[in-house]
Amino acid sequence: MRRAYEEAGGRIAWSTPVTGVDPWPDGVRVRVAGGGETRAAHVIAADGPRSAVRRSLGTPLTGTTSGTDFVVVDVADAARPLPPERVFHYRHPGVGGRNVLLVPFRGGWRVDLQCADEKEAADFADDTAGWVAGVLPGHEVTWVSRYRFHQRVAERFVDDHHRVLLAGEAAHLFPPFGARGMNSGIVDAVAAVDAVADGDVGSYDRDRRAAAWQNCRAAGAACAHLLARTRADRLRQRGAALLAPFWEPAGRWLDSAPFGPPLRKVRY
Ligand SMILES: Cc1cc2nc3c(=O)[nH]c(=O)nc-3n(C[C@H](O)[C@H](O)[C@H](O)COP(=O)(O)OP(=O)(O)OC[C@H]3O[C@@H](n4cnc5c(N)ncnc54)[C@H](O)[C@@H]3O)c2cc1C
């Protein structure tokens, strides 16, 4: 991508943080650290969740943040790799009855552990050796982090003059279940370029904001299914777990949250 961009005449300014933008009817002034500035007809801002561009436009993110904390760990494949299959464990006995999601990627696995709160997540993140072995024995930990579910979308994806377009996590934050963050960011980027080329920036705001809310709802539905926060949800989950060994639809329902494809045919 970088080579294609440079061959098309694009220039990359490394180590030059943007501090803000000033849009006006005919263009945008982009301010950078150290007092410099540059001018552009349009700006597509993909500067991530703490977007300086979004802040300088004064555009808030609306939505919610979950109180549940997760530890996320990458492990390298064992000497004999396991079949690549996304697996969600409800109340895994190897981690004291906590929920665990296992997602394979090339050369390893991602392990998401659901914790009760920030303190518990910090403790599990500090000491991965014991519990990771309880879930994926014989796998070496290569990376550890923590996160919280955000379901937040910018109030507007464009400025009043239709000169600045927010894309990716500058515009929206979703829970990682369902692989929607980067995937939708790529669609944003393509749609933003098309909108600028077509001279219809308003359609970008309308269409990509609607898509972001749809993604938020889908990712939120996955969380609700997995976390079972209400008594009725917990009863349904427990009942399905009891029935699953004898009645396949119950197992299928337990595995039905929109958190991504199982990657291979599963017998429930
Ligand atoms: C545990 C986890 C698992 C995930 N799994 C998936 C998945 O399987 N599939 C999926 O689609 N998504 C996934 N996501 C989400 C995905 O990682 C993000 O949605 C995606 O990386 C966001 O990309 P972005 O380019 O919008 O923002 P970022 O990746 O944050 O990139 C922003 C860039 O802007 C730069 N920048 C920041 N501020 C400035 C500034 N002021 N000036 C100039 N540059 C600046 C940063 O240096 C950075 O390079 C996952 C997220 C997590 C936490």
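Me: Why is His139 called buried?
Reply: This is a predicted model, and in it His139 has a relative accessibility of 11%. Buried means under 20% relative accessible area, so His139, at 11%, counts as buried.

Me: Where is His139 found, and which residues is it in contact with, leaving aside its neighbours within four places in sequence?
Reply: His139 is found in the loop between α4 (128–135) and β9. With those neighbours left aside, His139 is in contact with Val75, Ala76, Asp77, Ala78, Leu82, Trp109 and Val132.

Me: Why is Ser15 called exposed, whereas His162 is called partly exposed?
Reply: Exposed means over 50% relative accessible area, and partly exposed lies between that and the 20% under which a residue is buried. Ser15 has 77% relative accessibility and therefore counts as exposed, while His162, at 31%, falls in between and so counts as partly exposed.

Me: What makes the phi of Ser15 and of His162 worth a remark?
Reply: Most residues other than glycine have a negative phi. Ser15, although it is not a glycine, has a positive phi of about 50 degrees, and His162, also a residue other than glycine, has a positive phi near 60 degrees. Ser15 has its place in the loop between α1 (2–7) and β1 (18–24), and His162 lies in the loop between β9 and β10.

Me: Which residues touch the most other members of the largest nonpolar core, and which elements supply at least two residues each?
Reply: That core has 22 residues, of which Phe157, Leu165 and Tyr204 touch the most other members. At least two residues each are supplied by β2 (27–32), β4 (43–45), β9 (141–154), β10 (164–166), α5 (181–198) and α6 (201–227), and the largest share, 4 residues, comes from α6. Phe157 itself, not counting residues up to four places away in sequence, touches a set of residues including Val164, Leu165, Tyr204, Arg208 and Ala212. There is also a second, separate core of 17 residues, with Leu102, Val111, Phe124 and Ala125 among them.

Me: How do you know that Val18, Glu169 and Met182 have polar atoms within 3.5 Å of the ligand?
Reply: A polar backbone atom of Val18 is 2.8 Å from a nitrogen atom of the ligand, a polar side-chain atom of Glu169 lies 2.7 Å from an oxygen atom of the ligand, and a polar backbone atom of Met182 is 2.9 Å from an oxygen atom of the ligand. The protein covers 55% of the 1000 Å² of accessible area that the ligand has on its own.

Me: What is the make-up of the shell around the ligand by class?
Reply: The shell has 9 nonpolar, 4 polar and 3 charged residues, and its largest share, 3 residues, comes from α5.

Key
Residues are numbered from 1 along each chain as its sequence is written. This is a predicted model: local features need pLDDT of at least 70, side-chain atom pairs count only at pLDDT 80 or more; totals for chains, interfaces and linings use all residues. Side-chain values use heavy atoms; hydrogens and water are left out. A nonpolar core is a set of buried Ala, Val, Leu, Ile, Met, Phe, Trp, Tyr and Cys residues joined through side-chain atoms within 4.5 Å. Buried means under 20% relative accessible area, exposed over 50%, partly exposed in between (1.4 Å probe, protein chains only). Contact means heavy atoms within 4.5 Å. A polar contact is a pair of N or O atoms within 3.5 Å; within protein, one must be able to donate a hydrogen and the other to accept it, and residues adjacent in sequence count only if both atoms are side-chain atoms. Accessible areas come from the Shrake-Rupley method with a 1.4 Å probe; for residues, only the protein chains shown count as cover. Ala, Val, Leu, Ile, Met, Phe, Trp, Tyr, Cys and Pro count as nonpolar, Asp, Glu, Lys and Arg as charged, and the others, Gly among them, as polar.
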